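Subject: Structure for your review

Dear colleague,

Please find below the structure I am handing over to you, together with its sequence. My findings follow after it.

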Amino acid sequence: MLTKRIIPCLDIKNGRTVKGVNFEQIRDAGDPIELAALYASQGADELVFLDITATVEQRKTLSALVHKIAHRINIPFTVGGGIKTEEDVRVLLQNGADKISINTAAFLDPLTISRFAKQFGSQCIVLAIDAKCESDNNWYVYLNGGRTKTDKLVVDWAREAVDLGVGEILLTSMNHDGTKQGFALDITAQLSENLPVPIIASGGGGTEAHFLDVFTKGKADAALAASVFHYKEIAIPDLKQYLSQNGIAVRI
Amino acid sequence: MNITIVQYNAGNIQSVLYALERLGVAATVTDDPAMIQAADKVIFPGVGEASTAMAYLKERNLDQLIVSLKQPVLGICLGMQLMCKHSAENDTKCLGIFEEQVLAFKATENTTKVPQVGWNTITNLKTELFNGVSENSFTYFVHGFYAGIGTGTIATTDYIQAYSSALHKNNFYGVQFHPEKSAAVGEQIIQNFLSLKS
């Protein structure tokens, strides 16, 4: 049976992990490779590295980092952040990334998606959507790391992007992100039930029960989180055991 | 040992090279027929679309070369599908090493997502390729087409229906999953392939 995936996310700046991490077992908490290797050994199903570096020069650090990760990590990993051109994608895949995630650049020029899908295959194109539920009770797409609102509904953009060839959708609820009050179940389920691609839910995971909810009520195919793993509030082996005991198929 | 990875117009080739490097094994990525012919082991990886991949192989006569190989050959994902008789992906005649046909997954009410993406179990494991690998081990899959079950089946997986997650005939092996991304289980399978007698 195909299992639900647990995906730790690492934010990267200038080749180092940002946001705090709290692990005694690893020598250097800022080293993304050490942290990634630890998560992989604990049973993470996949990893996401999100680069928040701004300049072109610093992006060379990213491709060098991706190269090092690929030589150490034996599970699939996605790299995202600031990807705009075919060349950006080519360099990351060449250095060993399995998938790339795109966000703002794809929204501003949706044909980016079909060009990438044609050249590299849909299986490696993940669309990241930053979503916010407004007072009218509709979910809207936000850009530029959540700083810019658009008038586009999340359901419409997701459908359009799937038609253009994205292989998976990473949906982050800005309303839930950082709250540890649970994932956005309604919009996650709405996308998952209506689209033929896997939905990775992100934002709000604070307890093991939240992960159970996002798989049962939210119908997510995968759940992504950062700080609950970095601060050891939830250990991946315990989480998977809990999910398994509650009838969710997971890789143990 | 001389290990060669067949280079062609498909994705994911680099990942296989890196996986071998993680195991401390050097390999050469090439489309040079002489080098492929001379290798002790040949890996035929790939992620992509069947008809364009077959066209590329034919242009370079790599299709005839691959079927004539006598050393152990491991096809991965699209590589395995291309080693089958025919693929429903753009109605493509393939290499015909394995008798099995490659068909498209059809979404159902219960399983609405195609392609399959993620970790699934492999069962009914046969041959030395799976030495030391437990029944129901998890491996990582990304595919919208599958090979049916037939005489060459050496592992099965369930997604929408049961299908061949690995095939074998003589010196040829194929796996639908990605051993290069399947954690310790995948590494064991790669090691087993590398240990096969030439």
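Predicted model: local features only at pLDDT ≥ 70, side-chain atom pairs only at ≥ 80, totals over all residues.

On one side of α3(B), B:A55 and B:E59 are exposed. The buried residues of this helix are B:A50, B:A53, B:M54 and B:L57. Viewed down the axis of α3(B), these buried residues fall within an arc of 100 degrees, so they line one face of the helix; B:A55 and B:E59 are on the other side. The cover over the buried residues of α3(B) includes α4 (62-68), α5 (78-82), β5 (86-87) and β6 (92-93) of chain B. After α3(B) comes B:N61, which has a positive phi, near 60 degrees.

As to chain B as a whole, it has six helices and 13 strands. Its radius of gyration is 15 Å, close to the 16 Å that the globule rule gives for 198 residues, so chain B is as compact as a globular protein of that length. Along the principal axes, the C-alpha atoms of chain B fill a box of roughly 50 × 35 × 30 Å. Of its 198 residues, 51% count as buried. Among the contacts in chain B with a separation of 6 or more, 67% are accounted for by residues 24 or more positions apart.

The contact between the two chains takes 24 residues from chain A and 29 residues from chain B. On the side of chain B that touches chain A, the elements giving two or more residues are α1 (13-22), β8 (116-122), β9 (137-143), β11 (153-159) and α6 (183-195) of chain B. The residues on that side of chain B divide into 13 nonpolar, ten polar and six charged.

In soluble globular proteins, nonpolar side chains tend to be buried together. The largest nonpolar core here has 140 residues, of which A:L47, A:I169 and A:A223 touch the most other members. Strand β6 (residues 125-133) of chain A provides the largest share of this core, six residues. Leaving aside neighbours within four places in sequence, A:I169 is in contact with A:L127, A:I129, A:A158, A:L191, A:V197, A:I199 and A:I200.

Yours sincerely

Notes:
Residues numbered from 1 in each chain as written. Chains lettered and ligands numbered in written order. Contact = placed C-beta atoms within 7 Å. Helix = DSSP H or I, 4+ residues; strand = E, 2+ residues; numbered from the N terminus. Nonpolar A, V, L, I, M, F, W, Y, C, P; charged D, E, K, R; others polar. Core = buried A, V, L, I, M, F, W, Y, C linked by C-beta atoms within 7 Å. Buried ≥ 20, exposed ≤ 12 C-beta atoms within 10 Å, placed from the backbone. Arc of directions from axis to C-beta. Rg over C-alpha atoms; globule rule 2.2 N^0.38 Å.
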